[in-house]
Amino acid sequence: MAKKILVTGGTGYIGSHTVVELQQAGYEVVIIDNLSNSNADVLEGITRITGKRPLFDKIDCTDFNAMKALFKKYTFDGIIHFAASKAVGESVQKPLMYYRNNLVSLINLLELMPEHNVKGIVFSSSCTVYGEPDMNPIDENAPIKPAASPYGNTKQINEEIIQDFIHSGAPVKSIILRYFNPIGAHPSAEIGELPLGVPQNLVPYITQTGMGIRKKMSVFGNDYNTPDGSCIRDFINVVDLAKAHVIAIERMLEDKSDEKVEIFNLGTGTGLSVLELINIFEKVSEESLPYEIVGRREGDIEQIWAQPDKANKVLGWTAKETIEDTMASAWRWQQRLREKGTM
Ligand code: WQD
């Protein structure tokens, strides 16, 4: 019988791409999402790609009674936990909302796992836990730096909650995945990133500007200590990222590791600057992108890219898509949104 995986936040950006990969690998998926930052239409996109509609319940992970009922309704083999608030700026304005949402959700899941014999949880973490790295590329043993925002702090605290719970002897395993900068969309252009309002992240801002939805891009700073002066990131294709989750869940369910908690960086291993990414967009879209250099954005890291060797060796996972194909997928998705009249 197919193994059943609970995907929290499964209608969101990374969640939806992961659901596709899970279903294509033969898993049965139950999505829960409170739809606070996503849309149930995503289920149609997933269905068109995979030929199978995932089970879906509109549930808020902070609602313990609803979660209890969910664990009674289904028997889960494993969990992938994406559901969280994720806007850095908003977290500074509404810290309690971030702490309640991001911490209580995880605590509820962990509390329910042992009594329902759920063996493992894959947790969606972030390279934000490293702060400004002392050197690049950065590996999993690098020190955790004080968080620059309540959002970043929730990721650090969540990692600690998992570690403490497992070290207390709880019969649970976890794989913590630290994502670098996920970008792009499914090659079918059936699912992709759907930012609400003015995008905060770089790539949706680029594609919306390319489409004429925004007049021009702002590049936040060209006076950083980098070759072209703009910030450097490790941009990772969202489908590549999604595939790592399938490997991680299988690793836990089949007890391939003796360690109860494992941490992996998920990145390409290559740093690319904001200006380089804009150039690549212009090349693949054949659009010229209006942009201006403005002041630095508060709280930005100058440069960070992953040392992904551990994920490459231990998980047998490598980011495969080229940055050109990834940017082309983001552009196709933006064009599809225009065709559908969504944006
Ligand atoms: C990338 C670069 C900006 C917009 C954040 C989170 C991180 C992660 C992804 C989750 C920076 C520059 C951006 C624009 C610009 N996870 N930029 N003009 O800040 O690296 O990471 O999102 O949710 O945890 O911290 O990503 O895409 O916002 O910015 O010049 O209009 O692009 O200054 O250098 P970031 P980003």
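This is a predicted model: local features need pLDDT of at least 70, side-chain atom pairs count only at pLDDT 80 or more; totals for chains, interfaces and linings use all residues.
Figure 1. A polar side-chain atom of aspartate 300 is 2.4 Å away from an oxygen atom of the ligand. The backbone also takes part: a polar backbone atom of leucine 202 lies 2.8 Å from an oxygen atom of the ligand. In asparagine 181, an N or O atom of the side chain is 3.0 Å from a ligand oxygen atom. On its own the ligand would expose 690 Å², and the protein buries 88% of that area.

**Figure 2. The shell of residues around the ligand.** There are 19 residues around the ligand, and those that come nearest are Leu202, Ser218, Arg233, Arg297 and Asp300. Sorted by class, the shell holds nine nonpolar, six polar and four charged residues. Two elements, helix H7 (202-210) and strand E8 (217-220), each give two or more residues to this shell. Strand E8 supplies the largest share, with four residues.

**Figure 3. Packing of helix H3 against helix H5.** Helix H3 covers residues 64-73 and helix H5 covers residues 95-115. The two helices pack at an angle of about 35 degrees, and their axes are 10 Å apart. The crossing of H3 past H5 is right-handed.

**Figure 4. Residues in the contact between H3 and H5.** From H3, the contact uses Phe64, Met67, Lys68 and Phe71. From H5, Asn108, Leu109, Glu111 and Leu112 take part. Taken together, the residues of this contact comprise five nonpolar, one polar and two charged.

Definitions and conventions
Residues are numbered from 1 along each chain as its sequence is written. Side-chain values use heavy atoms; hydrogens and water are left out. Axes are lines fitted to C-alpha atoms, for helices over the stretch in contact, and angles run from 0 to 180 degrees between N-to-C directions. A crossing is left-handed if the near helix is turned anticlockwise from the far one by less than a right angle, and right-handed if clockwise. Contact means heavy atoms within 4.5 Å. Ala, Val, Leu, Ile, Met, Phe, Trp, Tyr, Cys and Pro count as nonpolar, Asp, Glu, Lys and Arg as charged, and the others, Gly among them, as polar. A residue is near a molecule or strand if one of its heavy atoms lies within 4 Å of it. A polar contact is a pair of N or O atoms within 3.5 Å; within protein, one must be able to donate a hydrogen and the other to accept it, and residues adjacent in sequence count only if both atoms are side-chain atoms. Accessible areas come from the Shrake-Rupley method with a 1.4 Å probe; for residues, only the protein chains shown count as cover.
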